[in-house]
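Come along as I look things up one by one.

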Amino acid sequence: MTTQGETTGRYGAGEGEVPAWVTLGLLGAWALHDVEEVLAMRYWPARVPELRERFPQVPERLWREMAELDVRRFGLAVAGVGLVVGAAAVEGRRTGGRSAVYQSVLDGLGLHGLVHLAQSALVRGYTPGVATTPLLVLPFTLAARTRLRRAGLLRPTRAGDAALSLGLAGVVTAGAHVVARRLSGGRVRA
């Protein structure tokens, strides 16, 4: 029997069309996760003195940035990252899940969740974003990857691919913070 993917070449030779939740759900999962981060960030600077004492090896510049956190500027940075995640989700939908960009951002979301878990383990407590990681980020990432695999669309992920996805997520996040600082009238420190 011939599947739709074999006749059209659009979705792969697996179980057929990838549902919208697999692709557009990337933006939804990311947005709900980042709502938690934005809400938690207003309370995060209060933890800086305790963490600074526990982790003296962390550069002072980072502690200063965290202590002076501007929630409005953080929200602008989140919006900037959201534009990238949204574009990747739309591209994923447009390509039926085949897009390498979409799959890389999906992998980046899951790896980002693992970073949240590691941060919380390190500080032995709550860090912004960790509550939605096991409830939303990781389950969504695994479910979407499973559906892509069943459809025959999931690209093989090697360690280098995972590192690239996480690195690109870091670059996008850092860039969004630079743009947010400029948009909010703050100076960008080199």
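**Confidence**

I begin with pLDDT, which is the predictor's confidence in each residue, from 0 to 100. My helices are DSSP runs of H or I with at least four residues, and strands are runs of E with at least two, both numbered from the N terminus. With that settled, I looked up where confidence is lowest in the chain, and found helix α1 (residues 4-8), at a mean of 37. The highest is in α8, at 97. This is a predicted model, in which local features need pLDDT of at least 70 and side-chain atom pairs count only at pLDDT 80 or more, while totals for chains, interfaces and linings use all residues. Residues are numbered from 1 along each chain as its sequence is written, and side-chain values use heavy atoms, with hydrogens and water left out.

The chain averages a pLDDT of 86, and 89% of the residues score at least 70. I made a note about residues 1-13, where pLDDT stays under 50. For that stretch the model has 29 contacts (heavy atoms within 4.5 Å) beyond four places in sequence.

**The whole chain**

How many helices and strands does the chain have? I found nine helices and zero strands, so I could write the pattern as α-α-α-α-α-α-α-α-α. Next I checked burial: buried means under 20% relative accessible area, exposed over 50%, and partly exposed in between, with a 1.4 Å probe and protein chains only. Of the 190 residues, 38% count as buried. I also looked at contacts between residues at least 6 apart in sequence, and 75% of them join residues at least 24 apart.

**The core**

Leaving out residues up to four places away in sequence, Leu106 touches Leu26, Phe140, Thr141, Ala144, Arg145 and Leu148.

I compared each helix with its expected span, which is 1.5 Å times one less than its number of residues. α7 has 24 residues and reaches 34 Å from its first C-alpha to its last, close to the 34 Å expected. Its buried residues, among them Tyr102, Leu106 and Leu109, pack against α2, α3, α4, α6, α8 and α9.

α8 has 19 residues and reaches 26 Å, close to the 27 Å expected. Its buried residues pack against α2, α3 and α7, and include Thr132, Phe140 and Leu148. Just after α8, I noted that Gly152 takes a positive phi of about 75°.

**Single residues**

Not counting residues up to four places away in sequence, Thr132 touches Leu32, His33, Glu36 and Val137.

Ala29 sits in helix α3 and is buried, with a relative accessible area of 4%. Beyond its neighbours within four places in sequence, Ala29 is in contact with Leu109, Leu136 and Phe140. I also checked Ala29 against Thr133: they are 104 residues apart along the chain, and their C-alpha atoms are separated by 9.7 Å.

Gln119, in helix α7, counts as partly exposed at 36% relative accessibility.

**The aromatic pair**

Last, I searched for aromatic pairs: rings of Phe, Tyr and Trp (its six-membered ring) pair if their centres lie within 6.5 Å, with planes under 30 degrees apart counted as stacked, over 60 as edge-to-face and the rest as tilted. The whole structure has one such pair. Trp21 and Phe140 form it edge-to-face, 6.4 Å centre to centre with 75° between the planes. Trp21 lies in helix α2 (residues 20-23) and Phe140 in helix α8, so the pair ties together parts that are 119 residues apart in sequence. Trp21 counts as partly exposed at 41% relative accessibility, whereas Phe140 counts as buried at 12%.
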